[in-house]
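Me: I'm new to reading protein structures, and I'd like a close look at one single part of this one. Could you pick a residue, walk me through its surroundings, and then zoom out?

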Amino acid sequence: MASAEVSRGEYNDQGVDYDNIFPTISIGILETQLLISALGDCTDLAVLDLGGGSGLRARQVLDLGASSVDVVDISLEMLRCGKTREYGNRITWHEANISKPLDHLPLQTYDLVMANWVMDHAATMAELEGMWANVTAYLKPGGRYVGTRSGDPYAPAALDGKYGMRYKDHQSIPGGVQFRYETASTPPIDIEATSMEISYSGSTELHAKFGLSEVEIEPYENAEVVRKDNEFWKLFLDKPFMAIVKAKKEI
């Protein structure tokens, strides 16, 4: 079963390539466009990016108007790569396992909390619930959550590789599936992941448990690439293996 140490090691080894590869593959382009739609106007928002790696999406939310972002990630190498980017002092970097309490970090409460793909590295329900606990612990009442998660790990589009990334080496684990994701690039990114059924099925049970409401999936047609070439995306749209989820913290 995947562990925090496995994730840390694999992202430390391969993270230097992540920002150069993922935004250029089809699924990465789709994610970027859907996040722009889901995030909307971020003017002057304080943002927490859990599992934010090298800050790929932190920089995106700053471009949408956010005033500052705190990035928390388990991989020192991903954080180091992020620090080489020129965004002044608007991004602050923190090393931590986001499935564990974060009260040792100098965090505040935020207008917006993001958690992109990181829920797909929770190897147990306890780890997944720990991540959700941190989302809402640091989100202001009425604040917004936006995050990317995996859809069905066995979806044909996930196995096919047509969209620049494929899932492989599936193994059943208690409550979910362990697999590896591999990008169609040179060199490839090839990293172990786990997805709990309560997450990839689209259930809102954990959102409700941790005080989130108005849960929605960002419509895929809000992405320009889908509107321009619906036929290319048909395999994906028939059974998506990625979703952008939006919610609000109850007041």
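Reply: Let's start with Tyr-18, which has a relative accessibility of 12% and so counts as buried, the cut-off for that being under 20%. Keep in mind as we go that this is a predicted model.

Where does Tyr-18 sit? It lies in helix H2, which covers residues 18-21. Now look at who is around it. Leaving out residues up to four places away in sequence, Tyr-18 touches Pro-23, Leu-56, Met-78, Trp-117, Tyr-181 and Ile-189. Take Ile-189 from that list: 171 residues separate it from Tyr-18 along the sequence, yet their C-alpha atoms are 7.3 Å apart in space.

Another of those partners, Leu-56, takes us to helix H4, which spans residues 56-63. Is H4 largely enclosed or left open? Of its 8 residues, 7 are buried, so the rest of the structure largely encloses this helix. The buried ones are Leu-56, Arg-57, Ala-58, Arg-59, Gln-60, Val-61 and Leu-62. Notice that Arg-57 and Arg-59 are on that list. As a handy bit of background, an α-helix has 3.6 residues a turn, so residues three or four places apart point the same way.

What covers the buried residues of H4? Just after H4 comes Gly-65, with a positive phi of about 115°.

Now let's zoom out. The protein has 11 helices and 10 strands in total, and buried residues make up 55% of its 251 residues. Across the protein, if you take contacts between residues at least 6 apart in sequence, 67% of them join residues at least 24 apart.

How about the overall shape? A compact globule of 251 residues would have a radius of gyration near 18 Å, and the protein's 17 Å agrees with that. Its C-alpha atoms fill a box of roughly 40 × 40 × 40 Å along the principal axes.

A last stop is the cysteines. Cys-42 is buried, at a relative accessible area of 0%, and Cys-81 is buried too, at 11%. How many disulfides turn up in the whole structure? The search finds 0.

Technical notes
Residues numbered from 1 in each chain as written. Predicted model: local features only at pLDDT ≥ 70, side-chain atom pairs only at ≥ 80, totals over all residues. Heavy atoms only, no water. Helix = DSSP H or I, 4+ residues; strand = E, 2+ residues; numbered from the N terminus. Rg over C-alpha atoms; globule rule 2.2 N^0.38 Å. Buried < 20%, exposed > 50% of the residue type's maximum accessible area, 1.4 Å probe, protein only. Contact = heavy atoms within 4.5 Å. Disulfide = S-S within 2.5 Å.
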